[in-house]
Amino acid sequence: MKKYTYSEKKDTRSGFGDGLTELGRTNENVVALCADLIGSLKMNQFIKENPDRFFQVGIAEANMMGIAAGLTIGGKIPFTGTFANFSTGRVYDQIRQSIAYSNKNVKVCASHAGVTLGEDGATHQILEDIGLMKMLPGMTVINPCDYNQTKAATIAIADFEGPVYLRFGRPKVPVFMPEDSNFEIGKGILLNEGSDVTIVATGHLVWEALQAAEQLETEGIYAEVINIHTIKPLDEDIILQSVAKTGCIVTAEEHNKLGGLGESVARTLALNTPTPQEFVATNDTFGESGTPADLMAKYGLDAAAIIKAVIKVISRKK
């Protein structure tokens, strides 16, 4: 099979940083704010080139969201940057009241999401942020899969009117999406055609899904793999078209099984065509300290876990 290969690994947060730098050169209304994590968010080059369009607010994330909301009134397009835990849980009230309720054009950009934050431990590994953000009326939620897609998503959301939550991560992961691929908000991408099972994945789990599909094919199981980079609005059409062919589905995400991509897919299926589904996600738990690879394996967020879920869901087909 080997339809997707990679020649290097890069962190998705660097895709955000490089996308922001490019925006700084092409869109004079783009401004950036950070809560004392410039290096971690890879914002250095944007700041170097646009010192008058950057605001360092310090460890005051709630204040950062309020400032960002205010900047939109003057026509600016603010990109806020901090860890996903601090971008959502710590400032949920400010995002709800000052950004979502008012429909402000703020781009909430969140790094170090999920358990792949690694050794920093459970207090920093947020696994409920997708649920928090997708429940906010009018909030668009995007979770790209690799460096190239994160860079493209960062650039795309600048032209999108309305609040956006952009989620990315810390570890270096395979770069496998084409560098020049178009990023269309709300449109899933069919990566591999199959007839036996649909695998819908987001973020770091997209590569794991492709690896799982490759292994499954050696066993005579042909998996359709879909990259859902936009969780809200969800591309229901691509999912429904796929399950009409395969008859079962596995959802895969680096997030709690409660409130994430899997639940959005389950709702779509329930309302349209009830279909056997298995969830690859954390099982209503916090994380812990450890290496990203070890944590992904322990919490069942890798290709092996996807294969196990595929075998189970196929057995449930009528």
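## Side-chain contacts in a predicted model

At 45% relative accessibility, arginine 90 counts as partly exposed, a class lying between buried (under 20% relative accessible area) and exposed (over 50%), as judged with a 1.4 Å probe on protein chains only. This is a predicted model, in which local features need pLDDT of at least 70 and side-chain atom pairs count only at pLDDT 80 or more, while totals for chains, interfaces and linings use all residues. Residues are numbered from 1 along each chain as its sequence is written, and side-chain values use heavy atoms, with hydrogens and water left out.

**Salt bridges**

- The structure holds nine salt bridges, each being a side-chain nitrogen of Lys or Arg within 4 Å of a carboxyl oxygen of Asp or Glu.
- Arginine 90 forms one of them with glutamate 61, their closest N and O atoms being 3.2 Å apart.
- This pair links distant parts of the chain, 29 residues apart, with arginine 90 in the loop between helix H4 (84-88) and helix H5 (92-100) and glutamate 61 in helix H3 (residues 61-73); helices (H or I, at least four residues) and strands (E, at least two) are DSSP runs numbered from the N terminus.
- Glutamate 61 counts as buried, at 5% relative accessibility.
- Arginine 167 forms a salt bridge with aspartate 129, with 2.7 Å between the closest N and O atoms.
- That pair joins strand S7 (residues 164-167), which holds arginine 167, to helix H6 (residues 129-134), which holds aspartate 129, across 38 residues.
- Arginine 167 is buried at 2% relative accessible area, and aspartate 129 is buried at 0%.
- Glu278, Lys312 and Arg316 are linked in a network of salt bridges.

**Aromatic pairs**

- There are five aromatic pairs in the structure, where rings of Phe, Tyr and Trp (its six-membered ring) pair if their centres lie within 6.5 Å, and planes over 60 degrees apart count as edge-to-face, under 30 as stacked and the rest as tilted.
- Tyrosine 4 and phenylalanine 176 form an edge-to-face pair, 6.2 Å centre to centre and with 90 degrees between the planes.
- Tyrosine 4 lies in the segment before strand S1 (9-11) and phenylalanine 176 in the loop between strand S8 (172-174) and strand S9 (189-192), 172 residues apart.
- Tyrosine 6 and tryptophan 207 are also edge-to-face, with 5.3 Å between centres and 85 degrees between planes.
- Tyr4, Tyr6, Phe176 and Trp207 form one aromatic cluster.

**A charge over a ring**

- The charged end of lysine 10 sits over the ring of tyrosine 147, 3.6 Å from its centre, a contact that requires NZ of Lys or CZ of Arg within 6 Å of the ring centre and within 35 degrees of the ring normal.
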